[in-house]
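Please read the points below beside the sequence and the model.

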Amino acid sequence: MAKGNIGVTSNNIFPVIKKFLYSDHEIFLRELISNAVDATQKLKTLSSVGEAKGDLGDLRVRVVIDKAKKTLTVQDHGIGMTAEEVDKYINQIAFSGAEEFVNKYKDKAEAIIGHFGLGFYSAFMVSDKVEIFSLSYQDDAKAVHWSCAGDPEYTMEDTIKADRGTDIVLHINSEFEQYLEDATIEGLLKKYCKFLPVEIAFGKKKEWKDGKEVELDEENIINNINPAWTRKPADLKDEDYTNFYHELYPMQMDEPLFHIHLNVDYPFHLTGILYFPRIKNNLDIHRNKIQLYCNQVFVTDEVENIVPEYLTLLHGVIDSPDIPLNVSRSYLQSDNNVKKISSHITKKVADKLAEMYKTDKADFEKKWDDIKLFIQFGMLSDEKFYERAIGFALFKSLTPVPSPEGEGRLYHTLEEYKEVIKDKQTDKDGNLIVLYTQDADANYTYIERAKAKGYDVLLMDGELDVHAISQLEQKNEKMRFVRVDSDIIENIIKKDDNHNDNHNYSEEQKEGVRKAFEALIPTEKKMSYYINFEPATADALPIFLTQNEFMRRMKEMSAHQQGMSFYGQMPDQYNLVINTNHPRIQELFDAMTSEEVEEVVEKKGDEAKGEEAKETVKKTVYTLSGKDERLHQLMDIALLASGQLKGEALAKFVNRSVELLG
Ligand code: ADP
């Protein structure tokens, strides 16, 4: 028997391994199985070049739990190790046999995993003792038994082993007995080994029979050894991609919209399939679905430092041996390969979208609503992506815009849209005004007014639209987005300076009318209203509400952005626009004879805010006009038209309306 000390400079590396090496203890299983798969792949390579003779036989890797002995064993039928090799590869911790092997068989080597660092030794994180039983594939090899109880001392001796390959036996520490549970191990195998290229068997297949679970003779194979991303795109149908999607995400019911198959050999290796899910809202629930693999071994599903943030909304698999896995996450971003991989993926995604748009616009338009959020997120967070995407990012009109081809068009690229609205929606200062709504029902009356003028209105009801709008304004000089209800339409798109108010009402008259309505303003806490006089057209409502574009937008943006809570706390501000061109309002002005108005003005002295003073003015004006009910009605109609008349106020309005009919 040979005895010796594990060859590391530090006196005892085991406490380090146990405590600090991996915070995730469970990865020991991934490491051992990776080694077993490596050993199997190496054997296949040697056989293909004639260095390993004869039939390779059963190559399955098996994971076996022995509860009585408290052991977990990983068995392979790969190349095995001679005593010299155990000495070289296991006793000298820092040495990585995988690297040497790859260098030697560069061209032929099947994918070799390795590169995970201290792979084998991670077994000591959960074991009191680890044993290796190994028989090399080499002619006349003697089997070797190595044993180490978690200190620098090991023993090594000849042993008897019937079949080629390696058994790694872990004597599980009492703190980690969960690793002797079938369910735990099966869970881990499913997580890390689902797509390994060599079959992994764990126990027997089970089946439900007569209400009971029974074991079959057949072994329970954990993995699919030919996952779609490792196959050639030419060999795959759409259906194969969809099936693979469901294999990756068994709990996901929705079908993906489309996919991108990645395959790069130079200057780095990368394969994978990315899927576009439907993303209507709630960016967060879609995050962290991309799974990162290294030669088919699952590494992580947290890819945020490896791909740009907006790409974390995609689903699928990325497999690359060129992503350094043993460095800290924060270091990843600055790694050159990672940078290249990230920009490659960005480019592929943009190219795919551009190609889809070019080849089938109608189909792309159908998908647009479901991918819009993703594309906007990309455009907002990545300048390069913006430049690529602006050619296929679409804007959706509320109703089809007549086009020369006959069929009306709902969707337009930015450049197309500029053409659509250029003639009618350029104001007197040469600004191109884009009208939009976030809620076509709520803004109905405003939209109708805009349409009556021959203007087009865009639907911008997405979660990121408010940010997208700011970005577009920054990038396109002389283009402004204005929500249809932010002012009277004549003011939103100003055509000439003498937008005329042809009624020369006196200040006193205006004051009277203002007071009349002020008394009726709802006293909601989170709202504030300012009264304006505007000569809108006679067929517009007598009174209506508008909301300043800038303030509203700042508030909306503050909901997503830190440091803007100042805007978030401000009340919602509305302008109560009194349409001086409306006959009902004109009647009201006319009712303010000068004598009566003076009376009102006198009362202005009482204006001192108190409820009583207000009541007096209100009563005065009501009596003046003899139309108090109707005033109330006008005010409520304005609130109703912008969706703000609710609850008791709405009920009162309904009752009043019925009474007025009588
Ligand atoms: P790495 O896998 O990163 O090289 P490990 O510590 O996991 O590091 O393994 C060291 C070496 O031991 C491997 O490169 C390989 O040569 C050898 N080895 C480990 N496990 C096996 C096995 N099951 N069969 C054959 N060789 C093995």
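The numbered points that follow treat strands, loops, salt bridges, cysteines and a surface patch in turn.

1. Basis of the note. The model is predicted, and local features are taken only at pLDDT of at least 70, side-chain atom pairs only at pLDDT 80 or more, while totals for chains, interfaces and linings use all residues. Residues are numbered from 1 along each chain as its sequence is written, and side-chain values use heavy atoms, with hydrogens and water left out.

2. Strand 14. Strand 14 comprises residues 315-319, and five of its five residues are buried (buried means under 20% relative accessible area, exposed over 50%, and partly exposed in between, with a 1.4 Å probe and protein chains only). Cover is found on both faces: His315, Val317 and Asp319 are buried on one side, Gly316 and Ile318 on the other. Helices and strands are DSSP runs numbered from the N terminus, helices being H or I with at least four residues and strands E with at least two.

3. Partners of strand 14. Strands of a sheet pair through backbone hydrogen bonds, either parallel or antiparallel. Here two strands count as paired if DSSP finds at least two bridges between them. Strand 11 pairs with strand 14 in the antiparallel sense over five bridges, whereas strand 12 pairs with strand 14 in the parallel sense over four bridges.

4. Three strands form an open sheet in the order 20-22-21, with mixed pairing. Strand 20 (527-534) and strand 21 (543-546) stand at the edges, each with a single partner strand, so one side of each has no neighbour in the sheet. Neighbouring strands of this sheet are turned by 30° against each other on average, direction ignored (the axes are lines fitted to C-alpha atoms, for helices over the stretch in contact, and angles run from 0 to 180 degrees between N-to-C directions). Strand 21 and strand 22 (residues 572-579) run antiparallel and are joined by four bridges; in strand 22, isoleucine 578 is the bridge partner of isoleucine 543.

5. Backbone features in loops. Which peptide bond is cis, with omega near 5°? It is the bond from tyrosine 266 to proline 267, and proline 267 lies in the loop between strand 10 (258-264) and strand 11 (270-276). Aspartate 140 has a positive phi, near 60°, although not a glycine; aspartate 140 belongs to the loop between strand 4 (127-135) and strand 5 (143-148). Glutamine 296 likewise has a positive phi, of about 75°, and is found in the loop between strand 12 (290-294) and strand 13 (297-300). Aspartate 140 counts as exposed because its relative accessibility is 76%, whereas glutamine 296, at 11%, counts as buried.

6. Salt bridges. The structure holds 34 salt bridges (a salt bridge is a side-chain nitrogen of Lys or Arg within 4 Å of a carboxyl oxygen of Asp or Glu). One of them joins lysine 67 and glutamate 181, at 3.5 Å from N to O. This pair links distant parts of the chain, 114 residues apart. Arginine 409 and glutamate 365 form another, with the closest N and O atoms 3.1 Å apart. Arginine 409 lies in strand 16 (residues 409-412) and glutamate 365 in helix 9 (residues 361-381), 44 residues apart. Glutamate 365 is buried, at 18% relative accessible area.

7. Cysteines. How many disulfides does the structure hold? The count is zero (a disulfide is a pair of cysteine sulfur atoms within 2.5 Å). Cysteine 148 is buried, with a relative accessible area of 1%, and cysteine 294 counts as buried at 4%.

8. A nonpolar patch. Leu640, Leu650, Val654 and Val658 make a nonpolar surface patch of about 300 Å². Patches are made of residues with over 30% relative accessible area and no salt bridge; like charges are joined within 9 Å, and nonpolar side chains (Val, Leu, Ile, Met, Phe, Trp, Tyr) within 5 Å. Accessible areas come from the Shrake-Rupley method with a 1.4 Å probe, and for residues only the protein chains shown count as cover. Helix 22 (residues 647-661) gives the most to the patch, with three residues. Valine 654 is found in helix 22 and counts as partly exposed at 42% relative accessibility.
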